[in-house]
Amino acid sequence: ATDYGMDKALQQLGLKDVNHGTSTGSTWYPGGEEIASYSPVDGALIGKVTTTTKEEYDTVIKTAQEAFKTFRAMPAPQRGEIVRQFGNKLRELKEPLGKLVSYEMGKSLQEGYGEVQEMIDICDFAVGLSRQLNGQVIPSERPGHVMREQWHSLGIVGIISAFNFPVAVWSWNTALAWVCGDVCVWKASEKAPLCSVACQNIIAEILKENDLPEGISCIINGDYTVGEWMTKDTRIPLISATGSTRMGRIVGKTVAERFGKSLLELGGNNAIIITPTADLKVVVPGAVFGAVGTCGQRCTSTRRLIIHESVYDKVRDAIVGAYDQIVIGNPLDEKNHVGPLIDKDAVDMYLNAIEKAKEEGGNVLVEGGVLEGEGYESGCYVKPAIIEAENTYEIVQHETFAPILYLMKYSGDVENAIEIQNGVAQGLSSAIMTNEMKEAERFLSFAGSDCGIANVNIGTSGAEIGGAFGGEKETGGGRESGSDAWKVYMRRQTNTVNYSDELPLAQGIKFDL
Ligand code: UN1
């Protein structure tokens, strides 16, 4: 992949000859075993990091605890200034970092750049937020009293992220956590560890330039045992975890057992409802990008199309026709729309899902399969597939992290489509394509979509950072990124102050001595 400027990108990101994966800032620790990172793009070894030992883990947490004392005392707008510098550095390094994301994870270069853009956007958002961590003043029922609400820094935020957004999800958490005065310990996916080292290099430089202590940004690496150290650790008040529902069930339970807070961002099973008035010019790109973008490996990827029977044939033909235009290949080459899956295990899961859908009675409209030959040597390139299926199939009920799109029909009112859309265990993203105002509003109403994200005339993926991101049911209930998602990174304190000379009790209680 040298022809795409990867060597230079690795150089710019300080990733040449890396042999560590644990850091409290500018300090790196030797670590234990090696994790090799192979690119799904061409199968080449990009580099190696080492896993965090238990001893190193404890050093990291102690360093973070110390740093928290300094960081929480810094005025929030000054912390915002650090995040502003971070965002500017990301602007400078957008090209190499976007390329690394594309090369280590496999998403198209455009999407790699888009991911870095999300980092920049959340930094901008967080800078503004650093002057708006506002509490409220609440009227007291007692004379000469005032009540208020304050938001205080929480402590260490443990971040567990997935391979599919190897840099952005970390930044959604860190940018907010930092302006809130928290310090962060990040365990990145073992499938994209170099992205974590690159990010750490960028922020460490800024922290050093600003004379800030070690421990504000930490990274650790390793398998689930490292994750378990975090989830069981009472020194970490908040665990923010992105990944599968299976993982989230374990994390949520373990953190709850010690009364910690968790922010869970788990699987989706996202659908687009296509009504009789839907505009095909919007439907086709919306559905196709949603289904095949990031090779179907977004938690917001479109998995199901619920199409009204009166337009079913027309929509199906248009979507199937569009699949003919999809160019699959090296994601660093901007003419390709779709890159590889993350690894061969993912390829197996994709193949199994297609088999299962067929066994359950699915009708394959666009054949899938693994691509072979020149350019596809890594064995991770697959063809996006389309299958006509029923919502009740077991395989349709599960999230398969691959480009498989299920088509299904509805008849009658939009309520019937909403019932199918809501008829899964997950509740992340959803969309309706309609020009009927009443249908759109019904879809968005209390009786409409049960998802955390509900869109009209756009697809299910590609959310902007300004809104709260996350979903209901098995998606885990967490919200990160925009709106007031920052509140989870702080602790709320209610204050009542008496400036009178008496002591009236609340609820009118008399206690005369
Ligand atoms: C994810 O797949 O974990 O809305 C996050 C989107 C992106 C984020 C996806 N902004 O598709």
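Reader: Is the crossing of H4 and H7 left-handed or right-handed?
Author: Happy to start there, with the reminder that this is a predicted model, where local features need pLDDT of at least 70, side-chain atom pairs count only at pLDDT 80 or more, and totals for chains, interfaces and linings use all residues. Residues are numbered from 1 along each chain as its sequence is written. Left-handed means that the near helix is turned anticlockwise from the far one by less than a right angle, and right-handed means clockwise. For H4 and H7, the crossing is left-handed.

Reader: How are H4 and H7 oriented to each other?
Author: Helices here are DSSP runs (H or I, at least four residues; strands are E, at least two), numbered from the N terminus. The axes, lines fitted to C-alpha atoms over the stretch in contact, have angles from 0 to 180 degrees between N-to-C directions. Those of H4 (residues 94-105) and H7 (residues 193-209) come within 9 Å and cross at roughly 165°. With under 35 degrees counted as roughly parallel, over 145 as roughly antiparallel, 65 to 115 as roughly perpendicular and the rest as oblique, H4 and H7 are therefore roughly antiparallel.

Reader: What classes of residue make up the contact of H4 with H7?
Author: Contact means C-beta atoms, placed from the backbone, within 7 Å. Leu-97, Leu-100, Val-101 and Glu-104 of H4 meet Leu-194, Cys-195 and Ala-198 of H7. Ala, Val, Leu, Ile, Met, Phe, Trp, Tyr, Cys and Pro count as nonpolar, Asp, Glu, Lys and Arg as charged, and the others, Gly among them, as polar. The tally is 6 nonpolar, no polar and 1 charged.

Reader: How are H4 and H5 oriented to each other?
Author: H4 and H5 (residues 109-129) pack at about 120°, with axes 8 Å apart. H4 passes H5 in a right-handed crossing. The angle therefore makes H4 and H5 oblique.

Reader: What is the class make-up of the shell around the ligand?
Author: Nearby residues are those with a C-beta atom, placed from the backbone, within 6 Å of the molecule. Among them are Glu-118, Arg-298, Cys-299 and Ser-461. The shell has 4 nonpolar, 5 polar and 2 charged residues.

Note on methods: Two residues are in contact if their C-beta atoms, placed from the backbone, lie within 7 Å.
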